[in-house]
Amino acid sequence: MPQTNQQDPVEYLRGLLRENPRLFRDHPELLEELDLGPDAEATVVALEHARGRRLQRKAADLEGELERLVGMARDNDRLAAHLHRLTVDLLACADRDELVHTLLEGVRDNFRVDAVGLRVEREGFAGRLDARFLASRDWIRERFVTEDRITLGEPGDGTAVGALYGDETAPQSHALVPLRDGSRLFGLLGLASRDPQRFVPGMGTTYLERLGELAGVLLAGPGWRAE
């Protein structure tokens, strides 16, 4: 028999009923002392009806959670297919100009964002990429001043945002994806959206990480960086 807990009578009653599940059936007189609220009869039928409603609510909650998980799985399948398509398109590029164009357009279309920005360090890529995609090493590292990983959320520096995406975009949220050559940070890829909830801290970044790895390997490949 569970010990009486004066601080938590509900938990005590719960433990008592767990150990004696047939309590009301064996002692129906106890039902007469229950107060189930206005217009409620203290009967086994009433209690069973209340339990049925509770089970229905629980089943509805589980069904809603299942629908949410199915939706997430569909979104993941869609993103995986888009990333695969973009990978194939990038590997088919004939030169660096086509690669950059395909990367920017492919990210915009496949990830459904309003703008895409690319910057790589001028010190390593001068003469090999169009000047509009170049920035100083310090400028790139300032974007990841607190952590060398994907940054999500509301854009901060308006001047930097305009330089990266163009003044006409006015993004409300964005993702900054670091580009690396091995472990060395050499650039960033930005995905911007007018939807403030499109990129928020805490959201999953698996496909953005894969995108960053892919873009980093291709951009830093042989013939792309000055020695």
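Trainee: How many helices and strands are there in the protein chain?
Mentor: The protein chain has eight helices and five strands. Both are DSSP runs numbered from the N terminus, helices being H or I with at least four residues and strands E with at least two. This is a predicted model, in which local features need pLDDT of at least 70 and side-chain atom pairs count only at pLDDT 80 or more, while totals for chains, interfaces and linings use all residues. Residues are numbered from 1 along each chain as its sequence is written, and side-chain values use heavy atoms, with hydrogens and water left out.

Trainee: In what order do the elements run from the N terminus on?
Mentor: The order is α-α-α-α-β-α-β-α-β-α-β-β-α.

Trainee: And in what order do the strands form the sheet?
Mentor: The open sheet has the order E2-E1-E5-E4-E3, with mixed pairing. Two strands pair if DSSP finds at least two bridges between them. Strand E2 (134-135) and strand E3 (151-153) are at the edges with a single partner strand each, so one side of each has no neighbour in the sheet.

Trainee: Which helix packs on the sheet, touching E1, E4 and E5?
Mentor: That is helix H7 (residues 158-165), whose direction makes about 95° with that of E1. A contact means heavy atoms within 4.5 Å. Axes are lines fitted to C-alpha atoms, for helices over the stretch in contact, and angles run from 0 to 180 degrees between N-to-C directions. Helix H8 (residues 206-219) lies across E1, E3, E4 and E5, at about 45° to E4.

Trainee: What about E5: how many of its residues are buried?
Mentor: Nine of the ten residues of E5 are buried, so the strand is largely enclosed by the rest of the structure. Buried means under 20% relative accessible area, exposed over 50% and partly exposed in between, with a 1.4 Å probe and protein chains only. In the protein chain, buried residues make up 34% of the 227 residues.

Trainee: How many bridges join E4 to E5?
Mentor: Nine bridges join E4 to E5, and these strands run antiparallel. Leu179 has Gly187 in E5 as its bridge partner. The hairpin of E4 and E5 has two residues between the strands, and Gly182 takes a positive phi near 70° there. On E1 (residues 115-121), the pairing with E5 (residues 184-193) is also antiparallel, over six bridges; Ala115 stands opposite Ala192, and Val116 is partnered by Leu191.

Trainee: Changing topic, which residues form the aromatic pair?
Mentor: The structure holds one aromatic pair. Phe125 and Phe186 form that pair, stacked at 5.3 Å centre to centre with 25° between the planes. Rings of Phe, Tyr and Trp (its six-membered ring) pair if their centres lie within 6.5 Å; planes under 30 degrees apart count as stacked, over 60 as edge-to-face and the rest as tilted.

Trainee: Why does the pair tie together parts that are apart in sequence?
Mentor: Phe125 lies in helix H5 and Phe186 in strand E5, so the pair links parts 61 residues apart in sequence. Phe125 is buried, with a relative accessible area of 0%, and Phe186 counts as buried at 0% relative accessibility.

Trainee: Is Glu123 buried, exposed or partly exposed, and which residues does it touch?
Mentor: Glu123, in helix H5 (residues 122-125), is partly exposed at 43% relative accessible area. Not counting residues up to four places away in sequence, Glu123 touches Ala135, Ser136 and Arg137. A polar atom of the Glu123 side chain lies 3.2 Å from the backbone nitrogen of Arg137.

Key
A polar contact is a pair of N or O atoms within 3.5 Å; within protein, one must be able to donate a hydrogen and the other to accept it, and residues adjacent in sequence count only if both atoms are side-chain atoms.
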